[in-house]
Amino acid sequence: MAVPNKRRALRASARAKMVGALLIAGGGVFFAAEFISASAWTDPPYSYTYHYVSNLGVRGPVETLHQVMNSPLSWVMNTGFFLFGILLALGVIALRGLRGWRRGASVILGLLMAIGGVLLALNPGDGQEAANQIDYHSIGALASIVSGNMLVVLMGRQHKAIGVSRSVGKSMVALGVIGLLGLPLYLSVAGSEFGLIGLFERVAIYPLFIGQILAGVSIWKSRAAAQARHATLPRSPEMPAGT
């Protein structure tokens, strides 16, 4: 039975590494898209503390919400919006360890996050929506932020079940709470001329991506270590060949 057990362990390790890679990629693609598109916005320079994240997805030029939106690489940011939720949702769906309502809740939250990202990508936040239309961009932003931070808290509290270290689990819970508390703080100044509005927005957004990247790294490392330990275990005594 040693060989089948080893094969199952290898499959479980490969699946865990895939989950880890998806979670890392989901958060990483957002930060990469943000950095690349912000770097291309040079006249005037894009400000992480003042400008909205959504500005990076608006080709412009257009002036709304007291800000000028004119992103040369808007397609890069919108690609990041489109991909981050899908990658994270796939990672959560493939995750093993959660049972019962926690499993169902994690899948629902992951799907809401993916839907939110797609809405962000397909509906750039230029603030030009007619009064009688639905603001899909804002709906997508709220769906991503709320569901993403709730998911980080849920996964952090179930750290042992999903293969995340205790310290990372605690960090995830703290990050998710910061993100959820940061959302009403950001909404209280959204649409104003407040000079740090971009920073306040990122307090609500960044925790969910950092939390998922931490989870991905921890899952990858723990499974890789488990595989290495399994590979170095002494083989159980077997009957000599030919007997």
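Analyst: Val118 touches Phe81, Phe82 and Ile86, leaving aside its neighbours within four places in sequence. Contact here means heavy atoms within 4.5 Å. Before going on, note that this is a predicted model: local features need pLDDT of at least 70, side-chain atom pairs count only at pLDDT 80 or more, and totals for chains, interfaces and linings use all residues. Residues are numbered from 1 along each chain as its sequence is written, and side-chain values use heavy atoms, with hydrogens and water left out.

Val118 sits in helix H3. Helices (H or I, at least four residues) and strands (E, at least two) are DSSP runs, numbered from the N terminus. Is Val118 buried or partly exposed? Its relative accessibility is 21%, so Val118 counts as partly exposed. The cut-offs are these: buried is under 20% relative accessible area, exposed is over 50%, and partly exposed is in between, with a 1.4 Å probe and protein chains only.

Now look across to Gly85. Val118 and Gly85 are 33 residues apart in sequence, yet 7.5 Å apart in space, C-alpha to C-alpha. Both residues belong to the contact of H2 with H3.

Two packed helices are described by the angle between their axes and the distance between the axes. For H2 and H3, the axes come within 7 Å and cross at roughly 170 degrees. H2 is therefore roughly antiparallel to H3. Axes are lines fitted to C-alpha atoms, for helices over the stretch in contact, and angles run from 0 to 180 degrees between N-to-C directions. Under 35 degrees counts as roughly parallel, over 145 as roughly antiparallel, 65 to 115 as roughly perpendicular, and the rest as oblique.

Who meets whom? On the H2 side, the residues include Asn78, Phe81, Phe82, Phe84, Gly85 and Ile86. On the H3 side, they include Arg103, Gly110, Ala114, Gly117, Val118 and Ala121. By class, this contact has 15 nonpolar, 5 polar and 1 charged residues. Ala, Val, Leu, Ile, Met, Phe, Trp, Tyr, Cys and Pro count as nonpolar, Asp, Glu, Lys and Arg as charged, and the others, Gly among them, as polar.

Next, follow Phe81. Phe81 touches Phe30, Val53, Ser54, Gly117, Val118, Leu120 and Ala121, not counting residues up to four places away in sequence. Phe81 also belongs to the largest nonpolar core, which has 45 residues. Such a core is a set of buried Ala, Val, Leu, Ile, Met, Phe, Trp, Tyr and Cys residues joined through side-chain atoms within 4.5 Å. Which members touch the most others? They are Leu23, Phe30, Phe81, Phe84 and Met155. The elements that give two or more residues to this core are H1 (2–40), H2 (74–94), H3, H4, H6 (166–187) and H7 (197–232). The largest share, 9 residues, comes from H7.

Back to H3, and on to its contact with H4. H3 covers residues 100–122, and H4 covers 136–157. They pack at an angle of about 150 degrees, with their axes 7 Å apart. So H3 is roughly antiparallel to H4. Their crossing is left-handed: the near helix is turned anticlockwise from the far one by less than a right angle, whereas clockwise would be right-handed. Gly116, Gly117 and Leu120 are among the H3 residues here, and they are joined in the contact by H4 residues including Tyr136, Ala143 and Met150.

Finally, step back to the whole chain. It has 7 helices and 2 strands. From the N terminus on, the elements run α-β-β-α-α-α-α-α-α. Of its 243 residues, 40% count as buried. Among contacts between residues at least 6 apart in sequence, 70% join residues at least 24 apart. Val118 and Gly85, at 33 residues apart in sequence, began this tour.
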